[in-house]
Each structure stands twice: as C-alpha cells, then as structure tokens.
Amino acid sequence: MRVPILRLGRVLLTSLPADLTDQQVMDLQIDALALIQAGKADGLVIDITAADVVDSYMARILSETAKMVKIMGGVAVLAGMQPAVALTLVEMGRDMIDMETAFDLEGGVAKVGRMVASRGGRHDEVPTA
Amino acid sequence: MSRSPGFPDPAVLGPAIPGPDVVGPDVVVLRVTSEIDAAEVRQEARRLALRHGFSTVRAHGLATAVSELAMNLVLHTTRGGLIRLTAQDTPDASVIELVAEDDGPGIPDLALAMEDGFSTRGGLGCGLPGTRRLVDSFTITTRVGEGTRIVCQVRRP
C-alpha cells in the first residue's frame, strides 16, 4: 500500500508507518516530487511519530528524500522525532539526519512556509512594494 | 549451529517450567528475509528489553541495533538469516544477547566495513560501526562465501 500524502495549502504532509518498505519509499518519493513539480506544493513535511525505530537505512531514506525535494527547488522538513530516536541517532554517529527538522507537524508546515517565503516564494519573485 | 555459552537452547531443553526461583532464558528467534520481518523483530526486541526492566531509551537502542542487523540480512544476503535474542536475568542485572547469523556472501574487508562512512549498498556507511556504539559488546566473525555471525550484548545493572 502506498503511503498517503495529504495536502495542506502548499505543503504536502505524510506520516511514515513503522514497517516502511523500500517500494513504499520509492512510491512516496515519486508521488511527492510529482506533486511539487506540478505546482501543487512547495514542500513536504515528513512525520515520523509512528516510526518506532530510525536506523541508518531509514535515516538514509529520509535524507535522500529531502535532497530530492531540495534539488527540485522545494523544501522538506522532518517532524515528530521521538526523544529516544534522537538519542539513539546521536549515539550511532555523526550526520545521520541531513535535513531540516521541526518539533511537530505544525512546526514543520510553518517552517516550509517560512523557508519558501524567505527566498521570495516559489518563483523567486522580486518583492513588489 | 553453534551455541552461546551459558544460554541453553530452549528447543533442546523443551519449554521452561516457570518456578519460584528458576526462570528460564527468554528467547526470541526470527528468520529475517524481508523488511516486514525486520520490522517485526525490532518490535520483539523492544518488548523483550522492556519486559526485562531496560529503560525506554536502552530498549530503543537495542531495537535500533536489531533493525540494523536485520536490514543487513535483508539487503546483503539472498536467503536472509536468523536473529536470535536471549534475555537472561540475574537478581540485580539483566543481559540481552543478540545474535545475527547468515550464510550469505560474507564481508571481504571487515576492517573497512567497520569504518564510519564505508558502504557497499548506498547506505550511510554507519550501520555496523553505529550498531557497535549502541551495544555493550560486539563480536563479528565472517568468512567470504560462507556467511557472517554477529554477537552483541546489552546489559542493565
């Protein structure tokens, strides 16, 4: 089953299940990039509240997805990390997660909006006034 | 199949009979061939650790180590492998032993595989070194063409 992607304004929201498969990851990446490319959204918030464990494979998947969104011109933010996950990631090694993060979904949505706005919106418009 | 010293195999002994002061080892064995198996075994690992009095953070660390080793079985072998978790309690401590073994390709350069930043499958290259940092003891034996066996222990006082 595909991981559902919701749209809130110009931000895509998705919540990763605990038992994410490689196929689901690829589908999610393609779906999210297609929506961003079609002009339906400027960014993506990935919620990992449900992810019981973030191992190096999951960390790679998250960082890669963020990089894909970024080179398309969008913004990806990771939200909802559990304290135990953060502790373990730091214990395991450096730079496990290479992407923007936020406390929760709300913060993630705000961060995408702010980051897109700070560079002049989707099309880098010159401010008119 | 080789046995770990001190941890009798329940399959040999039969089901442990719980007594007032004799508690048999708590064992979980799972064959891991897919990502779904990996998700299942790491959830089992967390439950086992919590059942034996490990803190949430330690239980999570063990679950992550199990996840790393299980995902290695999924990604680097064609037939998967076995994950065995054995918890042994003493009056004031508890040890969980984690064994991951497979008959896969083996690791040609072990020193390199244990280095941060080395990866053959496009990973982050911190699977094995990261796992080693999450556990109290870590032993790996590998032979090219025969397989790999990793034994880890986590303890709580």
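Modeller: Residues are numbered from 1 along each chain as its sequence is written, and chains are lettered from A in the order in which they are written. In this predicted model local features need pLDDT of at least 70, while side-chain atom pairs count only at pLDDT 80 or more and totals for chains, interfaces and linings use all residues, and side-chain values use heavy atoms, without hydrogens and water.

Biologist: What is the order of the strands in the open sheet of chain B?

Modeller: Strands are DSSP runs of E with at least two residues, and helices are runs of H or I with at least four, numbered from the N terminus; two strands pair if DSSP finds at least two bridges between them. Here the order is β1-β2-β3-β5-β4 in chain B, with antiparallel pairing, and the edge strands, β1 (26-32) and β4 (137-143), each pair on one side only.

Biologist: Over how many bridges do β2 and β3 of chain B pair?

Modeller: Strand β2 (residues 81-90) and strand β3 (residues 93-102) of chain B are joined over 10 bridges in the antiparallel sense, and D89(B) stands opposite S94(B) in β3(B).

Biologist: Why is helix α5 of chain B largely enclosed by the rest of the structure?

Modeller: Buried means under 20% relative accessible area, exposed over 50%, and partly exposed in between, with a 1.4 Å probe and protein chains only. Helix α5 (residues 127-134) of chain B is largely enclosed because 6 of its 8 residues are buried, namely G127(B), L128(B), P129(B), G130(B), T131(B) and L134(B).
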